[in-house]
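Student: I have a structure to read, and I would like to learn how. Can you take me through it feature by feature?

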Amino acid sequence: MNKFRIGFGFDVHSFASDRPLWLGGIQIMHEKGLLGHSDADVLIHALCDALLGAAGLRDIGFHFPDTSEEFKNIDSKILLKRTMDLLRANSYELGNADITVCAEKPRLSSHIPHIQICLADVMHVDSEDISIKATTSEKMGYVGREEGIAVYASVLIYRKE
Ligand SMILES: [Zn+2]
């Protein structure tokens with residue numbers, strides 16, 4: 001088996017007016033939050049899917065089904081921690097993660113250092129190994145109409161000897 005493996009994850013959640021906005025493990029002040037069975041942290045979900053995919057361990061819905069009461073309104077940081085536990089149980093460690101958040105609003109650049117620190121803490125990795133980038137979709141499509149947030153995540157993991 002290869003020592004290095006890459007993974008890719010994608011997730012999208014729609015906005016709802018009566019929800020807090022959780023993104024990358026932190027709460028961000030905004031007039032809308034994201035709708036979902038869990039806290040709807042779309043960034044963490046995309047990251048978990050990338051990690052699981054890299055390790056060949058299916059996807060987030062397989063491990064944490066949205067039909068389960070256990071995961072209703074759950075803090076997605078718990079899902080991320082459990083995902084890292086699963087990887088480490090399979091002798092994998094994170095190389096780096098590169099994450100792109102597509103959102104028309106809110107502006108994220110001032111939040112990025114906090115998200116990096118938060119995720120690094122949950123994952124027990126260096127914050128320099130987690131890159132977060134923010135972009136808009138130039139007012140086109142569902143992101144452009146501010147109907148939701150989409151996140152793409154790439155990761156590299158490696159097998160520890
Ligand atoms: Zn999700």
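Student: Is helix α1 mostly buried or exposed?

Tutor: Start with the cut-offs. Buried means under 20% relative accessible area, exposed means over 50%, and partly exposed is in between (1.4 Å probe, protein chains only). In α1, 13 of the 14 residues are buried, so the helix is largely enclosed by the rest of the structure. A caution on sources: this is a predicted model, where local features need pLDDT of at least 70, side-chain atom pairs count only at pLDDT 80 or more, and totals for chains, interfaces and linings use all residues. Residues are numbered from 1 along each chain as its sequence is written, and side-chain values use heavy atoms, with hydrogens and water left out.

Student: What span does α1 reach?

Tutor: Helices (H or I, at least four residues) and strands (E, at least two) are DSSP runs, numbered from the N terminus. The expected span of a helix is 1.5 Å times one less than its number of residues. Helix α1 covers residues 42-55 and reaches 20 Å from first C-alpha to last, close to the expected 20 Å. Gly56 follows α1, with a positive phi near 70°.

Student: Which order do the strands of the sheet take?

Tutor: Strands of a sheet pair through backbone hydrogen bonds, either parallel or antiparallel. Here, two strands pair if DSSP finds at least two bridges between them. The order is β4-β1-β7-β5-β6, an open sheet of five strands with mixed pairing. β4 (33-34) and β6 (130-135) are the edge strands, each pairing on one side only. β1 (residues 4-16) and β7 (residues 148-159) pair antiparallel over eleven bridges.

Student: Which strands does α1 touch?

Tutor: Contact means heavy atoms within 4.5 Å. Axes are lines fitted to C-alpha atoms, for helices over the stretch in contact, and angles run from 0 to 180 degrees between N-to-C directions. α1 packs on the sheet, touching β1, β4, β5 (92-102), β6 and β7. Its direction makes about 155° with that of β1. Helix α3 (residues 76-89) lies across β5 and β7, at about 145° to β5.

Student: Now one residue. Where does Ser14 lie?

Tutor: Ser14 lies in strand β1. Its relative accessible area is 36%, so Ser14 is partly exposed. Its bridge partner in β7 is Gly148. Not counting residues up to four places away in sequence, Ser14 touches Gly33, Leu34, Leu35, Glu147 and Gly148.

Student: How far apart are the C-alpha atoms of Ser14 and Leu94?

Tutor: They are separated by 29 Å, and the two residues are 80 residues apart along the chain.
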